[in-house]
Amino acid sequence: MIALKFTILRNTSAGLRRAGWIAGAVLVVATWVAAVIAPTDQVRHSVLALIFAVWAVGGMVGPVLTSGAGVLRAEYFTLLPLGRAAVARALLVSNFVSIAAGFVLLALLASLWHAATLDPLTIVLAVLGALLSWVFVITLSRLVYGLLGAAMRSRLGIEIAGVQWGILLAAMFAGWMIVSVAITSIPALLIQGLPVGPITLVLDAIPTSWPLLAIEAGTAGAWGEALLLLLALAALDVVLVAATLAIRDDPVVRRRGRPRSLGLVAGGGILPATQTGAVILKELRQWRRDPWRALESSTAVWTGAVIGIFALLGSSTAPVAAFSGLIVAFMLGLSGCNLYGQDGSAVWQNVVGEDETSVRSDVRGRQWALILVFLPRAIVVSVVFLVLGQSWWAVPYLVAAIPATLGAAAGAAVLTSALGVSPGVDPRRRVGPNDANGNISLHIWVVIFAVTITVAPTAAVIVWAAASESPLVAVLAAVVGVLNGFAAAWLLGGITIRYLGTHMVDVFSRIRYGRVFREDPDAGVLGWIAQSTLKAEQTMHDAKQKERDQKLAKTAGR
Amino acid sequence: MTDDSASTLTGQSPPTSESSGWALELRGLRRLFGDKVAVNDLDLQVPHGSFFGMVGPNGAGKTTALSMAVGLLRPSAGAAFVHGVDVWSDPVEAKRRLGVLPDGLALPERLTGGELLTYWGRFRKLPRDVVAARSRELLRVLELDEAEQLGTLVGEYSTGMRKKIGLATALLHTPRVLVLDEPYEAIDPVSARVLTRILRRFTDGGGSVVISSHVMALVEQLCDRVAIVAEGAVLATGTLDEVRAGASLEDRFVELVGAPEPEETELTWIAG
């Protein structure tokens, strides 16, 4: 798990790809082993149904995380004399020709074993079924990616992506919990299969399970039913392919806001018409309307929720679920660690709009907006999991810990945003799910480090409260937590303001020119962070450039 | 070289040490990108109330020079003054007087035009009712009110509309010097007239406008003073008539910048 975390955070595409290949091969072998060692037909059925469903989910999640499917973008072909439909077909077909797709096919062919042990005649069904569900998984993968890439404009698309990222981050943060749940349950699963009940019914309804059902129907002599199942799967494939091509045909579905009357343009609102108020309002609108930012906040919620669910699943980890909301609060720090990078070259406004208080208003406004966006989410997730786990004992600790963490994270977020601005693709040209950020691996560690240090006072009082069990100390903990939060946000924000007071133009330079024009590099921790993040950004940029060149050379050589 | 050409071509007195005589003054501005000299000791003086056009081929350093002039790019050497205030040592005072329209940069893409102006007005500390009145008027005059009613976000604007909303942000806080990078690019003829009318009113009121462009005819038609820039330096500057010296601006430009002679044999196939 930790190795995976490092690999993903480092974002070295070659290393990641190799790791992906190894992981894929291991998973294929695991699928076959599970099929072979299953003691009874019924166990084999439920295990394979479950594993195939996992492959389908993996197919949906995978491309977004690795952006492998996004290497070719439809826009690249706009100038070629090809019809949109032709480009869409070619893009879809290109998806089937990949190592990952090969792994999927190999795994799905594990149903051959099921067929062979039941009735060798049904192997025909197994092969057909595996091919059909292969088309299903790959097309679904492309469809989901297309929905996300082309239609990040829809709220639903953002939430789906949020769930995906939430699962991934939850796996990184709380992998030990999954591992512990898995270790206790997988052997039982492999030997006993799934208990017959709603879960198996749902699993059988998933199209990837239909080939298994067809094989069993064939074994029982009901070839008509078997063929019907395969035909249904084929029909579903056709629908999915059509849907995928349709997305490509009409990629731009403009998301329109509600019609507004001009009278409301500069209207009242509850926020003060001050410089800081202006920034808060602008930021809140960006958080709501910018798909990438909406994705960040949605990911935070789902990371908390997924960890909570994992925790509830294991008996020993259940109490942890009460703190899911705290995860959301902490995620503020990661979601907001690159605010200026997300604004991209729009930061020019902060440079030309400079006055005595502009930097202070900008930083404080961004901090308030972060709190306003994440506090309600942290509260909602907390309440849900307190209710689910009936863990009312945790309330005093949450009342202390959430304000402290939110404040510390809001401070750490603006500080890393200023020091390590990482523009990625400029706002107007963003299309894919990974476009908003460049290389933010160091940012994550800085945020984790800064938050951990600055919430230490609250943590200490919480430990004291837990040990003493005195309600007075619990109240004290809450007070300390709130004060701690304000102090951390104020302190880290203050450092940011002082830094940006002289460096706003450098932030813009990093976005616009990818470097800083300063003869005298800064010393100290801040300077070190600024230079390290810049170097990481440039290294990534160079690596991408090199990869692109290699690809070009390869195509030219053909 | 720059100094020579400036004084001989313009026939005006060389810049005095009293810099506040100019609305905008660039002194020895220089920017290196690695080994490449993008702007090479560029000097430029923009008088008060003038409509100043900066022309040059693509890659001449116009945008780079203007970026340094308005505080967006740190110069390797030299200085820029707005009404005699040094942009880099007293940025707050200088930026108060400057209105800027950069070329090809993002805006807060997820706001509508009206929301953007409201944000910008309040960010620049204008009173609430002033922001409301000016935003509404700018949207109406620049014909962006319909898009506003539809709730169109800036990110969905066409290039021309982006120019217009960008100009509105540049004008909102009543600057004294406008620096506009390619303001007429992608603007339709009707909007261009509106734009010209606004800018003329601005200069009539004593404000100064600096635009960059590579469309000679446009500059010739609009500007009373021009500077021809190539390879990061000013080749000629002065009033329009001084610079074009009897010829058209385009001929003068080609004469100064140099254009490759077309070969008779090249592209003979193009006519089919």
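Good morning. In helix α19 of chain A, Pro396(A), Tyr397(A), Ala400(A), Ala401(A) and Ala404(A) meet Thr458(A), Val461(A), Ile462(A) and Ala465(A) of helix α21. Here two residues are in contact if their C-beta atoms, placed from the backbone, lie within 7 Å. The model is a predicted one, in which local features need pLDDT of at least 70 and side-chain atom pairs count only at pLDDT 80 or more, while totals for chains, interfaces and linings use all residues. Residues are numbered from 1 along each chain as its sequence is written, and chains are lettered from A and ligands numbered from 1 in the order in which they are written.

Let me stay with this helix pair. Helix α19(A) covers residues 395-419 and helix α21(A) residues 456-468; their axes lie 10 Å apart, at an angle of about 175 degrees. The two helices are therefore roughly antiparallel. Angles under 35 degrees count as roughly parallel, over 145 as roughly antiparallel, 65 to 115 as roughly perpendicular and the rest as oblique. Axes are lines fitted to C-alpha atoms, for helices over the stretch in contact, and angles run from 0 to 180 degrees between N-to-C directions. By class, this contact has eight nonpolar residues, one polar and no charged. Ala, Val, Leu, Ile, Met, Phe, Trp, Tyr, Cys and Pro count as nonpolar, Asp, Glu, Lys and Arg as charged, and the others, Gly among them, as polar.

What is the secondary structure of chain A? It comes to 23 helices and zero strands; helices (H or I, at least four residues) and strands (E, at least two) are DSSP runs, numbered from the N terminus. Of the 558 residues of chain A, 47% count as buried. A residue is buried if 20 or more other C-beta atoms lie within 10 Å of its own, exposed if 12 or fewer, and partly exposed in between.

I turn now to the place where the chains meet. Chain B gives 41 residues to the contact and chain A gives 40. On the side of chain B, the elements that give two or more residues include α4 (113-123) and α5 (128-141). Helix α4(B) has the largest share, six residues. This side of chain B divides into 19 nonpolar, eight polar and 14 charged residues.

How do α4(B) and α5(B) cross? Their axes come within 9 Å and cross at roughly 140 degrees, and the helices are therefore oblique to each other. Among the residues that meet are Leu117(B) and Thr118(B) in α4(B), and Val131(B) and Leu138(B) in α5(B). This contact has four nonpolar, five polar and two charged residues.

Finally, a strand pair in chain B. Six bridges join strand β9(B), residues 225-230, to β10(B), and the strands run antiparallel; two strands pair if DSSP finds at least two bridges between them. Val226(B) has Gly238(B) as its bridge partner in β10(B). The hairpin has two residues between the strands, and Glu231(B) takes a positive phi near 50 degrees. Strand β10(B), residues 233-239, is mostly covered, with five of its seven residues buried.

Leaving aside neighbours within four places in sequence, its contacts include Met54(B), Val55(B), Ala60(B) and Leu235(B). Thank you for your attention.
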